[in-house]
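I opened this model to look up the ligand shell and the aromatic contacts. My notes follow.

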Amino acid sequence: MLTKKTTSRQRTRIAPGQWDDWRWQFRNRHRTPDGLGELLGAETAQANPLRRVLGVYRWAVTPYYLSLFDPRDEADPLRLQCIPDEREITFSAGSSEDPLEEDTHSPVPGLIRRYRDRCLVTVTNRCAVYCRHCNRKRLWHREEYALSDIEIEAIARHIAKTPSIREIIFSGGDPLTLSDARLERILARLRAIPHVEILRIGSRMPVVLPMRVTERLCSTLRRYRPVWFLTQFNHPREITREAAQACERLLTAGIPILNQSVLLRGVNDDFRTMQDLLHGLERICVKPYYLFQCDPVRGTDHFRVEIWEGMRMMEKLWKTTSGLCIPRYVADMPGTKGKVPLQPVSFL
Ligand code: SF4
């Protein structure tokens, strides 16, 4: 069984320094069907349902994130976020892969514009860990890719002739799967557009591959400030020493960090877990910004919590927790132009 103990043994088999090398972690992601079978045990390796899931949605997990949980504990909140589940392909009829119609708001490949003053640039569809609740699972049907220089140039030209865009959000996939040099070329090109005031990096690296947040990356980001960093811690056990150090490096470089959790059934849908998560974030100076209602994206039904349950939890948080660490509970509703705040009636 691959427990933490086994993982430490695995660590002793690798050369010194490799564990802390993000490129080693990235190259050694567990991502094959056989690898998944091995992790889950012989019987499960042959089980048809998971192979069928992998035929629809790919998977990958870093050795680091895997070391944080026991892959055979089906109820583990970290496992739930990264190990495929056959419920991903038993979705309800009529569900959509793109309920927020991002693809129809894409004037140029790789650019999504749902708001007047900001746009999203999906520089790649690649991630260190493929979160099973991801709202862009539709991007996983293509092989892993990153935008070419020509595509980035087309995006830059579109933004340059759209003066109302003052913020660019780099997302994906995870933009930090690009090399520092590539990322810097993109940041430099887009930062040079006079009306672009703010750059935001959306990345789960501090959570799933904190080694990626190197001093070098932080000094690169620092050169393009104001840069805001948005990440996604969903469970208090994700706030490890390594994750805290990664956040500290960003903060020391003058990059503020906001957290956008997703409310997930079995992961963080109970009050105590959520409170521990928020307190943990406050301790490492990461501001809880949003708590997202899980989008109604195909393949994520089993994660969705009823809105009234989320509101009940928020109400309890407001009565017991410092306002500094309480996020806004919001939903991105299909057919609306933006995020809708979800507030308990007693607050209105
Ligand atoms: S890191 Fe973000 S984009 Fe990548 S799979 Fe997870 S939620 Fe989706």
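I sorted the shell around the ligand by class: six nonpolar, two polar and one charged residues. The classes are Ala, Val, Leu, Ile, Met, Phe, Trp, Tyr, Cys and Pro as nonpolar, Asp, Glu, Lys and Arg as charged, and the others, Gly among them, as polar. Around the ligand I listed Cys127, Val129, Tyr130, Cys131, Cys134, Trp140, Gly173, Arg204 and Gln232; each has a heavy atom within 4 Å of it.

The model is predicted: local features need pLDDT of at least 70, side-chain atom pairs 80 or more, while totals for chains, interfaces and linings use all residues. Residues are numbered from 1 along each chain as its sequence is written, and side-chain values use heavy atoms, without hydrogens and water.

Next, the aromatic rings. I took Phe, Tyr and Trp (its six-membered ring) as paired with centres within 6.5 Å; planes under 30 degrees apart are stacked, over 60 edge-to-face, the rest tilted. This rule gives seven aromatic pairs. One of them is Tyr57 with Trp140, edge-to-face, at 6.2 Å centre to centre and 90° between the planes. Tyr57 and Trp140 are 83 residues apart, and the pair links distant parts of the chain. I found both Tyr57 and Trp140 buried (under 20% relative accessible area, 1.4 Å probe, protein chains only).

Last, charges over rings (CZ of Arg or NZ of Lys within 6 Å of the ring centre and within 35 degrees of the ring normal). Arg29 has its charged end over the ring of Phe26, 4.0 Å from the centre. For Arg212 over Trp22, I noted 4.1 Å.

How values were computed:
Helices (H or I, at least four residues) and strands (E, at least two) are DSSP runs, numbered from the N terminus. Buried means under 20% relative accessible area, exposed over 50%, partly exposed in between (1.4 Å probe, protein chains only).
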